[in-house]
Amino acid sequence: MTEISTPSHKRSRLNPTLARYLQAFTTPKGQIALALIVLLAGVALLAPVIYPQGHDLQTRDSLLPVSWAHPFGTDELGRDILVRSIYGLRTDLALASVAVPISMILGTFLGLSGALSPRLGVLVQRALDIIVGFPGLILAICVVLVLGAGWTALLVAIVVGGLPSFGRLARATLLSQQHQEYVIAARTLGVDKWRIMVRHILPNAIDPIIVQGAVFVVAAVFTEAALSIVGLGLQPPEPSLGILLNIGMRYITIAPFYILGPTLILLLLALAFSLLADALNRTVNRT
């Protein structure tokens, strides 16, 4: 009996952290979030297949209202706003998928740097406090003004803007765990500080970091939109949700439907990741 039950027991214990996160998708909010994320990400990834003509196909039918042929109408150059919105979503998700993980990793290890040196940890926290002192949009504008408008500046602005939230969460975990018996025992046995940080403290910081990561995806997308609205983000003809909103505001009086598409997609994206963060938070706090 022991020989038969042991393998199944090992299989059930395989990657318990991942299994715990997957439980979030069994909740109603998690299921709605998953459906929206799969829908939005799938459409964005398949955009070149669904619309092989691309996002810059111009026609003479400029500023057409909403219709079956053009569900979000057309822009000032006769381009389909639905197509451009989907390609804009593709751009925003690509930016967020790169910037958010980088910010999570850097912020987490900056927050845990106090495990290597208490003085270094305090110094890092003071630096993060300085970043917090700048409103998010103002900080992003400063980065763009230094680096110039474009993909790189947006990437850096999003990464830097997320460092304080991830760093503070990791720092809070460090302060709560460094006096635990297993950490003290590891130090007594002469375990390396880096090993203590990675093996004993970091696993306890994963849960809040993952939840915050889902929340920060929304912040990253809105950062791109905010900067592009004021002309400091990505530049035409490259599509993004922010660029579409920027141009659409110029035609708001004669073509109010212009901003319908990008606004709807932004709201769906925000709803999806907000529900995901809430589902993850409830799951990790229940287990």
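Reader: In which hand does H8 pass H10?

Author: This is a predicted model, in which local features need pLDDT of at least 70, side-chain atom pairs count only at pLDDT 80 or more, and totals for chains, interfaces and linings use all residues. Residues are numbered from 1 along each chain as its sequence is written, and side-chain values use heavy atoms, with hydrogens and water left out. H8 passes H10 in a right-handed crossing, a term used if the near helix is turned clockwise from the far one by less than a right angle, with anticlockwise giving left-handed.

Reader: Why are H8 and H10 called roughly antiparallel?

Author: Helix H8 (residues 151-177) and helix H10 (residues 193-229) pack at about 155 degrees, where angles run from 0 to 180 degrees between N-to-C directions. Angles over 145 degrees count as roughly antiparallel, under 35 as roughly parallel, 65 to 115 as roughly perpendicular and the rest as oblique, and H8 and H10 are therefore roughly antiparallel to each other.

Reader: How do you know that the length of H8 agrees with its number of residues?

Author: The expected span is 1.5 Å times one less than the number of residues, so the 27 residues of H8 should span 39 Å, and its end C-alpha atoms, 38 Å apart, agree with that.

Reader: Where does H8 bend?

Author: H8 bends by about 35 degrees at Leu163, with a proline, Pro164, following within four residues; the bend is the angle between axes fitted to the seven residues ending at a residue and the seven starting there.

Definitions and conventions. Helix = DSSP H or I, 4+ residues; strand = E, 2+ residues; numbered from the N terminus.
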